[in-house]
Amino acid sequence: GVQTCALPISEEAYAEILSKSDSPAPYDLMNAGHVLYCLGKRQEALELYKKCRSSKFFSTDVFMETFGEDFPHLMKNGVSQDELPLLLDYLLFQTE
């Protein structure tokens, strides 16, 4: 997974990926959101998560499963285990 020291590099890489597409892949949106979330840029991350969540290529089940699979990587990068279910609930509630 992404290590904390690599987060700024990852942020730059995802910014470039997202800027080159009018409709970025949902996985790119989610991963870019993860990087921003781990860097403490919560509001920016939430916007990317919402875009990912509203993608016609990502069902609710796929979103939840994919996000859940990323929990260990998020925790390795400083996100509280207690915060993750709350974040996921928030994202699901926001788009219904």
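Begin with the aromatic side chains of this predicted model, in which local features need pLDDT of at least 70, side-chain atom pairs count only at pLDDT 80 or more, and totals for chains, interfaces and linings use all residues: there are six aromatic pairs, where rings of Phe, Tyr and Trp (its six-membered ring) pair if their centres lie within 6.5 Å. Residues are numbered from 1 along each chain as its sequence is written, and side-chain values use heavy atoms, with hydrogens and water left out.

Select Phe58 and Phe63 next. Their ring centres are 6.5 Å apart and their planes stand at 75 degrees, so the pair is edge-to-face (planes over 60 degrees apart count as edge-to-face, under 30 as stacked and the rest as tilted). Phe58 is buried, with a relative accessible area of 5%, and Phe63, at 0%, is buried as well; buried means under 20% relative accessible area, exposed over 50% and partly exposed in between, with a 1.4 Å probe and protein chains only.

Move on to Phe67 and Phe71, an edge-to-face pair with 6.0 Å from centre to centre and 90 degrees between the planes; both of these residues are buried. To display the whole aromatic cluster, select Tyr27, Tyr37, Tyr49, Phe58, Phe63, Phe67 and Phe71.

The charged end of Arg42 sits over the ring of Tyr37, 3.9 Å from its centre, while Arg53 lies over the face of Phe63, at 5.8 Å from the ring centre. A charge sits over a ring if NZ of Lys or CZ of Arg is within 6 Å of the ring centre and within 35 degrees of the ring normal.

Finally, turn to helix α1 (residues 7–19) and helix α2 (residues 26–38), whose axes come within 9 Å and cross at roughly 145 degrees. The axes are lines fitted to C-alpha atoms over the stretch in contact, with angles running from 0 to 180 degrees between N-to-C directions, and helices are DSSP runs (H or I, at least four residues) numbered from the N terminus.

For the contact (heavy atoms within 4.5 Å), select Leu7, Ser10, Glu11, Tyr14, Ile17 and Leu18 of α1 together with Asp28, Leu29, Asn31, Ala32, Val35, Leu36 and Cys38 of α2. End at Leu7, a residue of helix α1 that is buried at 2% relative accessibility; its C-alpha atom is separated by 10.0 Å from that of Ala32, 25 residues apart along the chain.

Notes
Helices (H or I, at least four residues) and strands (E, at least two) are DSSP runs, numbered from the N terminus.
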